[in-house]
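Subject: Structure for you to look at

Hi there,

Here is the structure I promised to pass on. Have a look at it first, and then read my notes below.

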Amino acid sequence: MASGMGGSPLTFSEIEAWQRTVGICLSPFEAQLLRRLSVEYFGESHAATKIDCPAPYGVSLQFIKSSQKEISRKLDQFLG
């Protein structure tokens, strides 16, 4: 939803209106989850505007090993 300062999370009123419009009936759990996901999304998108914001996902061990090998390979090329 658009607000005076940009987007904002979905409200329960919007979720209810969407359900009526498309003819879908969400369970209370589904409606609460949709609202929670919307709140989390906008919280993370706001936090991501800061330069020191870490990624919202964890880095896998495979990615770390791959990155280290790539750095080593480039260093060897540079020095060798």
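Which residue does the side chain of glutamate 40 meet in a salt bridge? The partner is arginine 36, with 3.1 Å from N to O. Before going further, please keep in mind that this is a predicted model.

**Salt bridges**

The count of salt bridges comes to 4.

Arginine 36 counts as exposed at 52% relative accessibility, while glutamate 40 is partly exposed at 43%.

Arginine 20 is exposed, with 59% relative accessibility, and glutamate 16 is partly exposed, with 44%.

Helix H3 holds glutamate 70 and arginine 73, which are 3 residues apart and so separated by about one helical turn. Their closest N and O atoms are 2.5 Å apart in the salt bridge. Both ends are partly exposed: glutamate 70 has a relative accessible area of 32% and arginine 73 has 38%. Lys74 joins Glu70 and Arg73 in a network of salt bridges.

**Aromatic rings**

A search of the whole structure turned up 1 aromatic pair. The ring centres of tyrosine 41 and phenylalanine 42 are 5.2 Å apart and the planes stand at 90 degrees, so this pair is edge-to-face. Tyrosine 41 is exposed at 55% relative accessibility, whereas phenylalanine 42 is partly exposed at 24%. Elsewhere, the charged end of arginine 35 sits over the ring of phenylalanine 12, at 6.0 Å from the ring centre.

**A surface patch and a buried glutamine**

On the surface there is a nonpolar patch formed by Tyr57, Val59, Leu61, Phe63 and Ile64, which together have about 550 Å² of accessible area. Of these residues, isoleucine 64 is found in helix H3 (residues 61-79) and is partly exposed, at 36% relative accessibility.

Is glutamine 19 buried or exposed? Its relative accessible area is 15%, and because the cut-off for buried is under 20%, glutamine 19 counts as buried. This residue lies in helix H1 (residues 12-22). Leaving out residues up to four places away in sequence, glutamine 19 touches Ile24, Cys25 and Leu26.

Conventions
Residues numbered from 1 in each chain as written. Predicted model: local features only at pLDDT ≥ 70, side-chain atom pairs only at ≥ 80, totals over all residues. Heavy atoms only, no water. Phe/Tyr/Trp six-rings, centres within 6.5 Å; stacked < 30°, edge-to-face > 60°. Buried < 20%, exposed > 50% of the residue type's maximum accessible area, 1.4 Å probe, protein only. Lys NZ or Arg CZ within 6 Å of the ring centre and 35° of its normal. Helix = DSSP H or I, 4+ residues; strand = E, 2+ residues; numbered from the N terminus. Contact = heavy atoms within 4.5 Å. Patch = residues over 30% accessible without salt bridge, like charges linked within 9 Å, V, L, I, M, F, W, Y side chains within 5 Å. Areas by Shrake-Rupley, 256 points an atom, 1.4 Å probe, with all protein chains shown as cover.
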